[in-house]
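Subject: Structure for your files

Hello,

Here is the structure I said I would pass on. My notes follow below it.

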Amino acid sequence: MAHPKRRSSNSRTGKRRTHWKLSRPAFSECPNCGQPRRPHRVCSNCGQYNGREVTEGESV
């Protein structure tokens, strides 16, 4: 089985891992209250999803 002859340095390892980045989560505007919310999830402000109230949100 192949194995490295020399230890790879921290900078070489870092160069290889430069593309391991986190992406920002997507947000869309709630059509009911206008607050930003994650897509396909209940709005945490008003409690609405797909035009109907799913949970009781904060009083607006």
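Arg38 touches Pro25, Ala26 and Phe27, leaving aside residues up to four places away in sequence; contact here means heavy atoms within 4.5 Å. This is a predicted model, in which local features need pLDDT of at least 70 and side-chain atom pairs count only at pLDDT 80 or more, while totals for chains, interfaces and linings use all residues. Residues are numbered from 1 along each chain as its sequence is written, and side-chain values use heavy atoms, with hydrogens and water left out.

The side chain of Arg38 reaches the backbone oxygen of Ala26 at 3.2 Å. Phe27 is 11 residues from Arg38 in sequence, yet their C-alpha atoms are 4.7 Å apart. Arg38 counts as partly exposed because its relative accessibility is 34%, between the limits for buried (under 20%) and exposed (over 50%), with a 1.4 Å probe and protein chains only. Arg38 sits in the loop between β2 (36-37) and β3 (48-49).

As for the whole chain, its elements run α-β-β-β-β from the N terminus. Helices are DSSP runs of H or I with at least four residues, and strands are runs of E with at least two. The C-alpha trace spans about 65 × 25 × 15 Å along its principal axes. Of the 60 residues, 13% count as buried. Among contacts between residues at least 6 apart in sequence, 0% join residues at least 24 apart.

Regards

Conventions: A polar contact is a pair of N or O atoms within 3.5 Å; within protein, one must be able to donate a hydrogen and the other to accept it, and residues adjacent in sequence count only if both atoms are side-chain atoms.
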